[in-house]
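Please read the points below alongside the sequence and the model.

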Amino acid sequence: MTAEQLRIVHLIARLNVGGAALHVIELAAEQRRRGHDVVVAAGRLAEGEDPMDYRAHQLGVPVLRVPWLRRELSLVHDLRAIAAVRRLLVLRQPDILHTHTAKAGGTGRVAALAAGNRARSAVVHTYHGHVLSGYFGPVHERAFRLVERALAHRTSALIAVSEAVRDDLVGFGVAPAARFDVIPYGFDLASRVRTDAGARKLRRDEIGARGDTFVVGWAGRFAPIKRPLDLIRVTGELNDRGVDAVLVAIGDGPERSAAEELAGRLGIAERCRFLGYRREMNEWYAAFDAFLLTSANEGAPVVAIEALAAGVPVVATRAGGTGTVVADGRSGYLTAIGDIPALADALARLATDAELRAGLGSYGAKDATERYAISRMVDEVDAVYGRALGG
């Protein structure tokens, strides 16, 4: 290896369909393209989650399994995961251990401390969001904040994917602002989205959308933090206003059946298309006239970045880092969490004004492709590594 080459291990709890996993895979692929020795270590998927390993295979990124690393809290599994990661660090002797998401961040950083001088890795952790509020009860949240504070003190470098995520962490006392580098996501957006007329017709034909039907897209996990029932309520509000709109919901999860039931109760089942998991999203962005996010919390929503890159205006709640992705009034609209009428107002405005949609879409496409370039992101991560290694 040359002096410029680094041995890097990325550790993530699971390679499920979502922004964090996609980020890790594409970051690792670009680092390998630049000559680094990079592997991704990942745990097991939770029940009902869809895998993103295929993207790692497409990009030639080696994936190592840590079977005991999983989403659920379990003293036995967590201790075995720590031991497995410790063995991995001692065996591979990476220059950088880069952990991602809460569970892998805790497991990996404890494993690095346990390995001590036998590994000698600089440890970098990326917060793609956090679970310090809105996910667990107050007792667990206080405990997690104390653990994060202690681990942050022993971590070489801390990265947040948005200013909003950093500010939350600072507010929870995890670390002072000066300890964080804010590095927005970067992706190969040209391969992630399609905007051509052929793709638009193909996918709209699939869902039975007429040429003038206003198609609203959503993609994600049907989980409480995403507030998927609000998607149905907004669609119902549009229907009540006489807007010829169809919601296309791509994904799966524990609240999907409740969303389908709500659509039936509101009498809008024919206005909703629940498509389940789709491996490739790129053609679907071409089919959408607007993209809707109703989440209660987000780090930096990748689906919103991709929708904007495809020229699709985004209507979203002011949740976490969403406001750093969507420029209110320029690439879309932001509302308060749970404000169904405001979300419907914004979508109705877009449905009746094609010129407005085109203007917001044009601004969003230019903004997203410039701000979320993968080369920029990897340059910034490399700079963090250099500082963590004392360069």
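The model is a predicted one.

**Second largest pocket**

- The volume of the second largest pocket is about 200 Å³.
- Its lining consists of 17 residues, and those nearest the centre of the pocket are Arg-200, Phe-288, Asp-289, Gly-311 and Val-312.
- Helix α15 provides the largest share of this lining, with 5 residues.
- Sorted by class, the residues lining the second largest pocket are 9 nonpolar, 4 polar and 4 charged.

**Asp-289**

- Asp-289 is located in the loop that connects α11 and β11 (290-293).
- Asp-289 has a relative accessible area of 9%, and it counts as buried because that value falls under the 20% cut-off.
- Beyond its neighbours within four places in sequence, Asp-289 contacts Arg-200, Arg-204, Thr-213, Phe-214, Val-215, Val-312, Pro-313 and Arg-357.
- Between the C-alpha atoms of Asp-289 and Gln-31 there are 35 Å, the two residues being 258 residues apart along the chain.

**Phe-288 and the nonpolar cores**

- The largest nonpolar core comprises 108 residues, and the members that touch the most others are Ile-232, Val-248, Trp-284, Tyr-285, Phe-288, Phe-291 and Leu-347.
- Helix α1 (residues 19-33) gives the most to this core, namely 8 residues.
- Phe-288 touches Arg-200, Val-215, Gly-217, Val-248, Ile-250, Met-281 and Val-312, when residues up to four places away in sequence are not counted.

**Helix α8**

- Ala-199, Arg-204 and Ile-207 are the buried residues of α8.
- These residues lie on the same side of α8 because the arc they cover around the axis is only 120°.
- The cover over the buried residues of α8 includes β8 (214-219), β9 (245-250), β10 (272-276) and α11.
- Exposed residues Ala-197 and Lys-201 are carried on the face of α8 that is turned away from its buried side.
- Gly-208 follows α8 and has a positive phi, near 75°.

**Thr-107**

- Thr-107 belongs to helix α4 (residues 102-115).
- The relative accessible area of Thr-107 is 4%, so this residue is buried under the 20% cut-off.
- Residues up to four places away in sequence aside, Thr-107 touches Leu-69, Ala-81, Ile-82 and Val-85.

**Cavity**

- The largest cavity holds about 30 Å³ of space.
- The residues that line the largest cavity are His-23, Thr-126, Ile-159, Val-161, Ile-183 and Val-381.
- By class, 4 of these lining residues are nonpolar and 2 are polar, while none is charged.

Note on methods:
Residues numbered from 1 in each chain as written. Predicted model: local features only at pLDDT ≥ 70, side-chain atom pairs only at ≥ 80, totals over all residues. Heavy atoms only, no water. 1 Å grid on protein atoms, 1.4 Å probe; cavity = no way out; pocket = protein on both sides within 12 Å on 5 of 7 lines; lining within 4 Å. Points joined across faces, edges and corners; volume = space filled by probe spheres on them. Helix = DSSP H or I, 4+ residues; strand = E, 2+ residues; numbered from the N terminus. Nonpolar A, V, L, I, M, F, W, Y, C, P; charged D, E, K, R; others polar. Core = buried A, V, L, I, M, F, W, Y, C linked by side-chain atoms within 4.5 Å. Buried < 20%, exposed > 50% of the residue type's maximum accessible area, 1.4 Å probe, protein only. Contact = heavy atoms within 4.5 Å. Arc of directions from axis to C-beta.
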